[in-house]
Amino acid sequence: MGVTPLISMRNIVKRFPGVVANDQVNLDLYAGQIHAILGENGSGKSTLMSILAGLYRPTEGTIEIQGTEKRINSPSDALACGIGMVHQHFRLIESFTVAENIALSKTGGSFLLDEDEITVEIKALGEKYGLTVDPDAYVWQLSVGEKQRVEILRMLYNDSRVLILDEPTAVLTPQETRELFSNLRNMADNGCAVVFISHKLNEVEALADRITVLRNGRVTGSIGREEINQSKLIEMMIGRDIITAYEKSDPPGDEPVLVIENISALNDMNTLGLDRISFNVRAGEIYGIAGVSGNGQRELAEVIAGLRHTLSGSIRFYGEEIAGMSPKDIITRGVSYVPEDRLGMGLVPRLSSCDNVILKEYGGAKFSQGSFLKRDAAIAETNRIVKEFDVRMGSIHQPVKMMSGGNIQKLLLGREIASQPRLMVVLYPVRGLDIGAIESVHKLLLQLKDKNTAIILVSEELEEIAKLADRVGVIFSGRILGEFPVSRMDTEKIGALMAGIVEDGGAK
Ligand SMILES: Nc1ncnc2c1ncn2[C@@H]1O[C@H](COP(=O)(O)OP(=O)(O)OP(=O)(O)O)[C@@H](O)[C@H]1O
Ligand SMILES: [Mg+2]
């Protein structure tokens, strides 16, 4: 290509204590192109892009912008150079409104801008790009998908020419993903360079003009869209084949572990989030909840985990009513909950892996003796989880927020599985995981099933439900619209139910 790249990263090295996250990486980004970055969890994708976005300084190497070397020492330097990034983990202030969060990014901390004007501008941007979100809503009220939209809006609001999105689709619904893709194409056609990190090969194939693959911090290949081929990409990423279908056993008996009857509950906006939900799960059964996220999945999980009040109905766990019990009492009975928001609800970001493992058992006999902590036992247990679940990190004493997204998920799941739950409620367990890690998580869930744990698997991917679940219930607008054995699963029909379209053809 005879054109000067918009961005050239040259021989970038980034070392963290104990890890070389990027090792002599070269990357050229061109205006008008969508460039995908692929690689296993921990291969250095986020680090490389955080360097471009001014969050980290490279240990070695240089960055050129349109052929001129530039030092990017801070996110505001990057922004001034027209580089914006939507991070894998959100960087929004929960107690502020959407408009305030967006305004803050531009003014660098002052509220002197006219709020009404900002609100109008956000609404206009939102409409233009199909990213609707209420500017006056507080961030804590938003779903993960909506928070993502705010992050994207924030970048657009700042007129960035280099748009970096770190796994943006991991939290979007299929429809939002399609919309995002056409918008990204639009932005590229308007002269932007778009960088897109994803683990989903289908998405990358559909969208990318060029793909660069990282492995252990190094570039293993960079190919144009005409050369894209899935097995070649997998080979470049992990250097081996992966399994596409699993063996799964039938649940051993018909006795339900969990019986949910007519549960209703409010959502965070104080409207009806769950509307008379009923279903049951047996020991050794995986019950899939299919649906577009934001249709009551989180509320349902929280109600079971005791984190949200019910308005009516009953939840019986091994015959005992648990609706109204404290989360702690529910955990003690053997219920484990793996939330979608890993770094908010699941793990404490600034604590180490080891402390996060202790946290779950806090007050239990496992790691404490009287008021003393059995530190060695905790370290041993953490090391065991790290080894068994192949969690990769610098050290178990580092804050978990320094781990790669996929490894954070493996740690959280590992900790929950290690507690040998009798019921596990798991939301979007493979979101953000690379294909190798997805395979290991799926195998872990099947192992748990074989140990007779009842599992509620909330997923947006029908393929995942088809592979793992025994039965599937489709959730829409807080209601279960249909329930099927997976062996007789009709994808078209389930897809229609996910969109709220029931038998008579009308929308609910
Ligand atoms: N701030 C940090 N301090 C120490 N180590 C870090 C830090 N950030 C990342 N690392 C380490 O650098 C390596 C690369 O991490 P990075 O987040 O770039 O991976 P990734 O490719 O984005 O993975 P994922 O797909 O899981 O998001 C990992 O081993 C990670 O633990
Ligand atoms: Mg990452």
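Is strand E3 (residues 34-39) mostly covered or mostly exposed, and how many of its residues are buried? Please also describe its neighbours and the domains of the protein.

Modeller: The model is a predicted one, and what follows should be read with that in mind. Strand E3, which spans residues 34-39, is mostly covered, with six of its six residues buried. In a regular strand, side chains alternate between the two faces of the sheet. In E3, Ile34, Ala36 and Leu38 point one way, while His35, Ile37 and Gly39 point the other way. The residues of both sets are buried.

The pairing of E3 comes next. Strand E8 (residues 193-197) runs parallel to E3 and is joined to it by four bridges. Within this pair, isoleucine 34 stands opposite valine 194 of E8. E3 also pairs with strand E9 (residues 210-215), again in the parallel sense, over five bridges.

Five residues of domain 2 are in contact with five residues of domain 3. On the side of domain 2 that touches domain 3, the residues divide into two nonpolar, two polar and one charged.

Definitions and conventions: Residues are numbered from 1 along each chain as its sequence is written. Chains are lettered from A and ligands numbered from 1 in the order in which they are written. This is a predicted model: local features need pLDDT of at least 70, side-chain atom pairs count only at pLDDT 80 or more; totals for chains, interfaces and linings use all residues. A residue is buried if 20 or more other C-beta atoms lie within 10 Å of its own, exposed if 12 or fewer, and partly exposed in between; C-beta atoms are placed from the backbone. Helices (H or I, at least four residues) and strands (E, at least two) are DSSP runs, numbered from the N terminus. Two strands pair if DSSP finds at least two bridges between them. Two residues are in contact if their C-beta atoms, placed from the backbone, lie within 7 Å. Ala, Val, Leu, Ile, Met, Phe, Trp, Tyr, Cys and Pro count as nonpolar, Asp, Glu, Lys and Arg as charged, and the others, Gly among them, as polar.
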